[in-house]
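Subject: Structure handover

Hello,

Here is the structure for your files. My notes on the salt bridges follow below.

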Amino acid sequence: MYQVSIKRLPGNEDIPLPRKMSELAAGFDLHAAVTEPETLQPGERKLFPTGFAMAMPAGLEAQIRPRSGLAFKHGITCLNSPGTIDADYRGEVKVLLINLGQQPFAIERGERIAQMLFQLVPEVAITEAAELPETVRGAGGFGHTGV
């Protein structure tokens, strides 16, 4: 098991720390640490504070992902999904939300706005090569296999 340290930032004692909402949940729900309700208009994007910073060991990353209920019911999603938090970042965790729905959406203090999953990051060495090995697929990219 990996140990991740969470530091609650001043003024956010009422904001729940990241937590799993069910026994087998993969993600930890994140809560909005806004000082007053903020409304996301259709097409608008905003950065929302969570009220905490963290330290995780090398070899881990935290991924910020949308909450499925907000996405399905209201069109609220994370703009850079998944967003990556690196192991050496020590600032406040923030969530970049966008409203892809048709109606304004108000976000209240303490509301669950996203989820955070932890993933292993393998050590990778990049080397330059003059040629790459051939494959059946080759350079086939977007839509190369049809609809």
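Which residue forms a salt bridge with Asp14? The partner is Arg109, and the closest N and O atoms of the pair are 2.8 Å apart. A salt bridge here is a side-chain nitrogen of Lys or Arg within 4 Å of a carboxyl oxygen of Asp or Glu. Asp14 sits in the loop between β1 and β2 and Arg109 in the loop between β10 (105-107) and β11 (112-120), so the pair joins parts that are 95 residues apart in sequence. Strands are DSSP runs of E of at least two residues, helices runs of H or I of at least four, both numbered from the N terminus.

This is a predicted model: local features need pLDDT of at least 70 and side-chain atom pairs pLDDT 80 or more, while totals for chains, interfaces and linings use all residues. Residues are numbered from 1 along each chain as its sequence is written, and side-chain values use heavy atoms, without hydrogens and water.

The structure has 4 salt bridges. Another one pairs Asp29 with Arg67, with the closest N and O atoms 3.8 Å apart. Asp29 is in strand β2 and Arg67 in the loop between β6 (60-65) and α1 (68-74), 38 residues away. Asp29 is buried at 8% relative accessibility, and Arg67 is buried at 19% (buried: under 20% relative accessible area; exposed: over 50%; partly exposed: in between; 1.4 Å probe, protein chains only). Asp29, Arg67 and Arg112 form a salt-bridge network.

Lys46 pairs with Glu38 at 3.6 Å between the closest N and O atoms. Lys46 is partly exposed at 22%, as is Glu38 at 26%.

Regards
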